[in-house]
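Dear colleague,

I am passing on the structure below, together with notes on what turned up in it. Please read the notes with the model open beside them.

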Amino acid sequence: MPADVVETLRWGHSGLAVALEIHQDRPVTLRELSPGGAAAPMRTSQPVVEVLVPGEGRARASQRLSETAVGLRLRYAGADRSVQDGRHELRVRLRDESSGLGAELLLESYEGVPALRSSVRVTNRGAQPVLLLAVTSFAAGFHGLEAADLDVLYAGSAWLGESRWTRQPLAGHLPDLGLEGHGHGRGAYALTSLGTWSSGRYVPMGGLAERGSGRTWLWQIEHNGPWRWEVGDRLDGVYAALSGPTDLDHQWSQPLAPGESFTTVPVSVAVSGDGLESAAAALTAHRRASLRPHPDRDRLPLVFNDYMNTLMGDPTTEKLLPLIDAAAEAGAEVFCVDAGWYDDGGDWWDSVGEWRPSSTRFPGGIEEVLARIRERGMTPGLWLEPEVIGVRSPMAGKLPDEAFLQRGGVRVAEHGRYHLDLRHPAAVAHVDQVIDRLVTELGVGYFKLDYNINPGAGTDVDAPSAGAGLLGHNRAHLAWLESVLDRHPHLVLENCGSGAMRMDYAMLSRLQLQSTSDQQDFLRYPPIAAAAPLSVLPEQAANWAYPQPEMTEEEVAFTMCTGILGRLYLSGNLHRMDGPRLALVKEGVAVHRRLRPVLPRATACWPLGLPGWDDPWLAFALRDDSPRSDGGPLSDGTSRSDAIPTGDGSPRSDGGPRNSPGASGDTYVTVWRRPGAPESTVLSLPHLRGRDLEATVAYPAQAGGWRLDWDPGAAELTVTAHVPPPTARILHLRPR
């Protein structure tokens, strides 16, 4: 132990080990963050909390969230531990005598899960007001690790191109500058978001992976608004700092009068000693433990939505009734009427806000349509964009200016809409009455909550800065969602924001599923669906499948495969399909429904690596490592008529043993071959190394033309598609 270390504070449980070093003349630092057991120390001089204030700024010239003057002076002032219902909590109190600021670092973790949630509460304990410009939610250094040792992980995101994950050498962003003799660096590799689209530029996640050892740290920022994360170089190793909004990036500042406090947005960090997929599994377990309880988590009902490549915002009774019947026949359990149901004039974009059903679109009333949905055994759903009021909407004149986000005394308008400020009681009363009326009067049980504008930096009404006003609105929005679910506990809420422009775990810890994209090209959707389980839980990842009558049978199977190993989100003109194509849709739905019990316990892996946007072959897999005594969800009649070569190269047509007691370790893989791809690809499946494997095509079961060859020693499955692309399959891999 170094001479200046007064105490090592250890905390954790069976799945996580955390150690903090308490110094007499230096700030508290993170010594260890590991899945438990032996781990390389993280001992660096990076403080665990950084606080930026204008009167003192940073101790060294830079624009990064490391070495703030206050952060360097914060000293240990005590700690408290607690455990309740498997949730471990550590509160570490810090104090800066010079500024009078106190900080409380809150760490939370669930028993057995190698991940934690971190936030910081700053309190002004001095006699003078203090202005906050930035506060980290989590900060840590990585002892002895230089940029050359690490890869950085991040995901670009854009409308129609969400969750574009990549892994790059960190040295490409942080070159070796020869810091010896010059002190810590000044630069950083930083990603930020803008406004209220938390995933409009990047998914609010990131990570570092050490090449060679497999040590990986994967994080998410749990905020439905602006955020920043950065990694930079210090003399004793690379550091990472994660935060919500800052003055530099987001026009955020928060004054604290004596006695006042501010709490940062939470962030979560998962750790692994065994690579990215293990870290992703840890974050998956952490997300599941963090979810708000809801009946949907057990049912995972299959949703048909009339929008994508189908009605496209132009619903009428005449168009909907045959579509409702076809969706029910295919096996849908929720039917959501998407945009346009409130429109009488045909140009509704800038007139929305009252959310009253159209009389011209539904001559017999929308009640006729919703009743038909219920008669066919499905839950009725509606599209809704509750946070906006069109500039031509009657509601624009009925609500006071204070109910909207404003800048300089003027309502913020974007793309023909004003944005409600949910800090204001009139705004909350309006959205409450909309939801309650549609639920109680029309019997709506599902809402697709869309969000199609970004109002920018925020509002200066009743706020010291535009960013502070926006943060207040962001938090009021989350509180409103909680109140809706408190009043209507069985109501299912889909998170949709122009596809997935607000995909974060502030929202998704509360809402039940996430639309992963607005991408309409079925050939471009696979990389989004393949990467989605790294950004969102498999059971929440609503990947569109939109088969059409004009598609070939292989194209129908291709788009169905995009949705089956997630929260299948079905659309398409099913009522105009012929028998073979409709049979493929029904078979895909049946396979998905049998696999639903697997989704809430499965973890994802990527047999071809992280998917690239233009990759000709794409694949992702769900591992179900839970023990079972039956043959798994696909053993109850799914045909295995085609002979698939197995571990020894010999064909099996009987599917092998499916009822061996204690069978476990099933893996389900979606594989897409896009135009331009060679006939074969090789899937790497190290978790199945050395196993005798039964490899079968689970969907479409009767389609031929694909060959599977398993090499147990190399843990490689060679996949050959003799049918021309586009073609895709769902594979079931089961150790015998």
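Cysteine 496 is buried, with a relative accessible area of 1%, where buried stands for under 20% relative accessible area, exposed for over 50% and partly exposed for what falls in between, with a 1.4 Å probe and protein chains only. Cysteine 496 takes part in no disulfide, and the nearest cysteine sulfur, which belongs to cysteine 336, is 9.7 Å away; a disulfide is counted here when two cysteine sulfur atoms are within 2.5 Å. Cysteine 561 is likewise buried, at a relative accessible area of 1%, and its sulfur is 17 Å from the closest cysteine sulfur, that of cysteine 605, which is too far for a bond. Over the whole structure, the search finds zero disulfides.

Please bear in mind that this is a predicted model, in which local features need pLDDT of at least 70 and side-chain atom pairs count only at pLDDT 80 or more, while totals for chains, interfaces and linings use all residues. Residues are numbered from 1 along each chain as its sequence is written, and side-chain values use heavy atoms, with hydrogens and water left out.

As to the overall fold, the chain has 13 helices and 44 strands, these being DSSP runs numbered from the N terminus (helices are H or I with at least four residues, strands are E with at least two). The radius of gyration is 27 Å, close to the 27 Å that the globule rule gives for 736 residues, so the chain is as compact as a globular protein of that length; the radius is taken over C-alpha atoms, and the rule is 2.2 Å times the number of residues to the power 0.38. The C-alpha atoms fill a box of roughly 75 × 70 × 45 Å along the principal axes, and 63% of the 736 residues count as buried. Among contacts with a separation of 6 or more, 70% are between residues 24 or more positions apart, a contact meaning heavy atoms within 4.5 Å.

Tryptophan 617 is found in strand 36 (residues 617-624) and counts as buried at 7% relative accessibility. Leaving aside residues up to four places away in sequence, tryptophan 617 touches a set of residues that includes Leu608, Trp672, Arg673, Pro678, Trp706 and Val719.

Some backbone details also deserve a look. Most residues other than glycine have a negative phi, and most peptide bonds are trans. Tyrosine 699 and proline 700, however, are joined by a cis peptide bond with omega about -15 degrees, and proline 700 lies in the loop between strand 41 (693-699) and strand 42 (706-711). Another cis peptide bond, with omega about 5 degrees, joins proline 725 and proline 726, the latter being placed in the loop between strand 43 (716-721) and strand 44 (727-735).

Leucine 300, a residue other than glycine, has a positive phi near 45 degrees; this leucine is in the loop between helix 4 (296-299) and strand 21 (303-305) and is buried at 2% relative accessibility. Serine 498 has a positive phi near 50 degrees and sits in the loop between strand 30 (492-495) and strand 31 (513-515), where it counts as buried at 6% relative accessibility.
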